[in-house]
Amino acid sequence: MNVILILLLFIFTGCEKPNTKEQNIVKGSLEHEGLVLFKQFGCNACHSMDRDNSRGPQINNIFNKVLYLEDGDSIFYDEDYIVESILEPNKIVLRGYKPIMPTYKNLLSKEDALKIVKYLKYISP
């Protein structure tokens with residue numbers, strides 16, 4: 001029984017060490033609310049700061065970069081892209097990834113998605 005609980009914890013927490021910046025987030029701030037949402041909805045199970053994960057793109061140092069899509073097109077990685085990817089993740093699929101992320105359109109508001117973006121910007125180098 002304990003082994004199963006440990007395995008589930010391992011799967012759902014993303015199995016990574018806390019980011020130093022993450023430890024310094026002020027409780028009650030938008031960044032903190034974004035962190036809470038990020039973990040509450042299990043985003044860290046597929047998206048990580050410091051490990052290659054074939055299920056979802058890393059979240060480390062992501063802003064203001066060009067990303068390539070499955071259809072050969074490219075897109076600028078910015079706040080709008082992340083919000084759209086949270087609410088309608090299979091609308092734009094990055095090259096090398098499958099469209100497996102569930103939609104959060106009916107679970108999160110645009111404001112909640114922006115809180116997650118605030119968190120991601122805060123922890124990015």
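**The hairpin and its surroundings**

Mentor: Let's begin with the hairpin made by strand 1 and strand 2, which has five residues between the two strands; in its turn, Gly72 has a positive phi of about 95 degrees. A word on the source: this is a predicted model, where local features need pLDDT of at least 70, side-chain atom pairs count only at pLDDT 80 or more, and totals for chains, interfaces and linings use all residues. Residues are numbered from 1 along each chain as its sequence is written, and side-chain values use heavy atoms, with hydrogens and water left out.

Trainee: In what order do the elements of the protein chain run from the N terminus on?

Mentor: Helices (H or I, at least four residues) and strands (E, at least two) are DSSP runs, numbered from the N terminus. The protein chain has five helices and two strands. Their order is α-α-α-β-β-α-α.

Trainee: Which residue in strand 2 is the bridge partner of Leu67?

Mentor: Two strands pair if DSSP finds at least two bridges between them. Strand 1 and strand 2 run antiparallel, joined by four bridges. For Leu67, the bridge partner in strand 2 is Ile75.

Trainee: Is Phe76 buried, partly exposed or exposed?

Mentor: Phe76 sits in strand 2, residues 74–77. Buried means under 20% relative accessible area, exposed over 50%, and partly exposed in between (1.4 Å probe, protein chains only). With a relative accessible area of 42%, Phe76 is partly exposed.

Trainee: And which residues of helix 4 are buried?

Mentor: Helix 4 covers residues 79–87. Among what covers its buried residues are strand 1 (65–68), strand 2 and helix 5 (110–123), where contact means heavy atoms within 4.5 Å. The buried ones are Tyr81, Ile82, Val83, Ser85, Ile86 and Leu87.

Trainee: How far apart in space are Gly96 and Leu69, C-alpha to C-alpha?

Mentor: Gly96 is in the loop between helix 4 and helix 5. Gly96 is exposed, because its relative accessible area is 61%. In sequence, Gly96 and Leu69 are 27 residues apart. In space, C-alpha to C-alpha, the distance is 8.3 Å.

Trainee: Last one: what share of the contacts with a separation of 6 or more comes from residues 24 or more positions apart?

Mentor: The protein chain has 125 residues, of which 37% count as buried. Among the contacts with a separation of 6 or more, the share from residues 24 or more positions apart is 52%.
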